[in-house]
Amino acid sequence: MSPPFKTRRTAPPLNDAALSELALRYVGKYATTRSKLRAYLARKLRERGWEGSLDPDLEALADRFAELGYVDDAAFALARSRSLAGRGFGRRRLAEQLRHAGIAEEDSREALDAAETVAVSAALRFAQRRRIGPFAAEMADPRTRERAIAAMVRAGHDSTLARKIVGLEPEQDADLVNLCESLRPDTT
């Protein structure tokens, strides 16, 4: 009598061709960085083992994929910057995520500059989403104001900008464009 459950077949150990195929499938499915690709391949090597004569060079494989254009850390960073700014997060939060993704400083510079450019509009989007400052029903309580400032700072925004936004009076018809212009550093 056979057991009522199927036993899982173990995958064969990896070799150079299988490792390249695995990497190609991964970059075809996910937007990734060189660092994340190396971590994924290292995990697969731990799970399945290695049958090649020499140890695999994950760094060289990730670099080759970057040269071929399959992996682009700078493009990944810029896309992450646009995504986070669109959701209302600030430059500091972006820098933290890029560092966590293993993106080098030279690849993240353009993304951080882009986040700095839209800092005010991103902070206002966050305030609107969380009903803070001009988008709040009421912000009279000092504890409520401090919690709102803390939430904005945790979202990666500058504390000075967060205080300015929280300090704005609640308005029924708050206009993002006018608020954005009034909070720009060169006009305040």
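**Questions on the model**

Modeller: R131 is exposed, with a relative accessible area of 62%; buried means under 20%, exposed over 50% and partly exposed in between, for a 1.4 Å probe and protein chains only. This is a predicted model, in which local features need pLDDT of at least 70 and side-chain atom pairs count only at pLDDT 80 or more, while totals for chains, interfaces and linings use all residues. Residues are numbered from 1 along each chain as its sequence is written, and side-chain values use heavy atoms, with hydrogens and water left out.

Biologist: What is the phi of R131, and where does the residue lie?

Modeller: Most residues other than glycine have a negative phi. R131 is a residue other than glycine, yet its phi is positive. Its place is in the loop between α7 (119–130) and α8 (142–154), and its phi is near 55°.

Biologist: How many helices and strands does the protein chain have?

Modeller: Helices (H or I, at least four residues) and strands (E, at least two) are DSSP runs, numbered from the N terminus. Along the sequence the pattern reads α-α-α-α-α-α-α-α-α-α. The count for the protein chain is therefore ten helices and zero strands.

Biologist: Why is the protein chain described as more spread out than a compact globule?

Modeller: The radius of gyration is taken over C-alpha atoms, and the globule rule is 2.2 Å times the number of residues to the power 0.38. For 188 residues the rule gives 16 Å, and the protein chain is well over this, so it is more spread out than a compact globule; its radius of gyration is 24 Å.

Biologist: Is D73 buried or exposed?

Modeller: D73 is placed in helix α4 (residues 73–86). Its relative accessibility is 5%, and D73 therefore counts as buried.

Biologist: Which backbone nitrogen does the side chain of D73 reach?

Modeller: Contact means heavy atoms within 4.5 Å. Not counting residues up to four places away in sequence, D73 touches T32, T33, R34, I103 and D107. At 3.0 Å, the side chain of D73 reaches the backbone nitrogen of R34.

Biologist: How far apart in space are R130 and A66?

Modeller: R130 lies in helix α7 and counts as partly exposed at 44% relative accessibility. R130 and A66 are 64 residues apart in sequence, and from C-alpha to C-alpha their separation in space is 39 Å.

Key
Polar contact = N/O pair within 3.5 Å; in protein donor to acceptor, adjacent residues only side chain to side chain.
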